[in-house]
Amino acid sequence: MENLLHSESKKTEPHPSSNSKIIGLTGGIGSGKTTVAKFIENCGFPVYYSDDRAKEIVNDNADLKVKIKELLGEESYDEYDLYNRKFVAKRVFESEDLLDKLNQIIHPAVRIDFENWVKKQTKYLIFKETALLFELKLHLECYQSVLVTAEDNIRIKRVMDRDQKTYREVQSIMENQMSEKEKIKLADYVIYNNTNLDDLKEQTEKVIFEIE
């Protein structure tokens with residue numbers, strides 16, 4: 001299937017501390033975003049995994065720990081002082097205000113970590129993988145953006161199989177994310193992950209070629 005290209009999307013200049021062009025990579029739950037990121041790495045381009053780094057930073061950064069505990073309580077970290085993801089997820093799922101405040105604590109730290117990573121890169125294209133690319137308007141800081149998407153029923157089945165969640169649990173998560181239609185309008189390129197890995201790889205390589 002052809003990738004959608006929205007040429008009217010605003011492009012930014014390369015990051016001030018690098019000659020590399022930053023490409024935002026995103027996708028909702030069950031879209032296959034991580035698989036596409038691995039294909040990109042196999043093509044020789046570095047990928048910064050924002051979501052994975054955030055999981056590490058909340059355990060490594062002492063200042064963050066204090067702020068998160070002040071916001072959500074001591075239970076935000078377990079008896080080993082490790083981030084209590086299940087507890088935090090339950091708290092913020094019930095309150096959009098808490099989620100916003102948590103993001104305001106975590107994302108500046110991830111931004112600094114990303115900027116330090118960018119300084120070390122030498123490739124002319126580098127990719128920033130993040131689930132909230134459009135929600136946090138991070139695409140405006142990227143040269144171009146790539147969205148990985150799939151039909152809702154396919155995404156739901158993938159997550160049910162992967163995480164042993166119920167249909168309703170996955171549907172609930174999706175309902176709390178920005179709609180795919182909105183994301184497609186914002187993306188420069190769209191990769192449709194509805195068929196198989198060979199097709200997904202082919203689409204990924206085509207997008208990289210078109211960006212170049």
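**The surroundings of S50**

Guide: Leaving aside its neighbours within four places in sequence, S50 is in contact with V110, K128, E129 and T130. The model considered here is a predicted one. S50 itself belongs to helix α2, which covers residues 50-60. Its relative accessible area is 4%, and a residue under 20% counts as buried, so S50 is buried.

We may now turn to strand β3, which spans residues 125-129. Strand β3 pairs with β1 in the parallel sense, over five bridges. Within this pairing, K128 of β3 stands opposite G24. Strand β1 also pairs with strand β4 (residues 144-149), again in the parallel sense and over five bridges. There, I23 stands opposite Q144 of β4. Strand β1 comprises residues 21-27, and six of its seven residues are buried, so this strand is largely enclosed by the rest of the structure.

A search of the whole structure finds six aromatic pairs. One of them joins F45 and F127 in an edge-to-face arrangement, with 6.3 Å from centre to centre and 65° between the planes. F45 lies in the loop between α1 (33-42) and β2 (47-49), whereas F127 lies in strand β3; the pair therefore ties together parts that are 82 residues apart in sequence. Both partners are buried, F45 with a relative accessible area of 8% and F127 with a relative accessibility of 2%. A further pair is formed by Y48 and F114: their ring centres are 5.0 Å apart and their planes stand at 65°, so this pair is edge-to-face. Because Y48 lies in strand β2 and F114 in helix α5 (residues 96-119), the pair ties together parts that are 66 residues apart in sequence. Y48 and F114 are both buried. As for F45 and F127, they form one aromatic cluster together with Y124.

Finally, we return to K128, one of the residues in contact with S50. K128 lies over the face of F114, at 4.3 Å from the ring centre.

Technical notes: Residues numbered from 1 in each chain as written. Predicted model: local features only at pLDDT ≥ 70, side-chain atom pairs only at ≥ 80, totals over all residues. Heavy atoms only, no water. Helix = DSSP H or I, 4+ residues; strand = E, 2+ residues; numbered from the N terminus. Buried < 20%, exposed > 50% of the residue type's maximum accessible area, 1.4 Å probe, protein only. Contact = heavy atoms within 4.5 Å. Pairing = 2+ DSSP bridges. Phe/Tyr/Trp six-rings, centres within 6.5 Å; stacked < 30°, edge-to-face > 60°. Lys NZ or Arg CZ within 6 Å of the ring centre and 35° of its normal.
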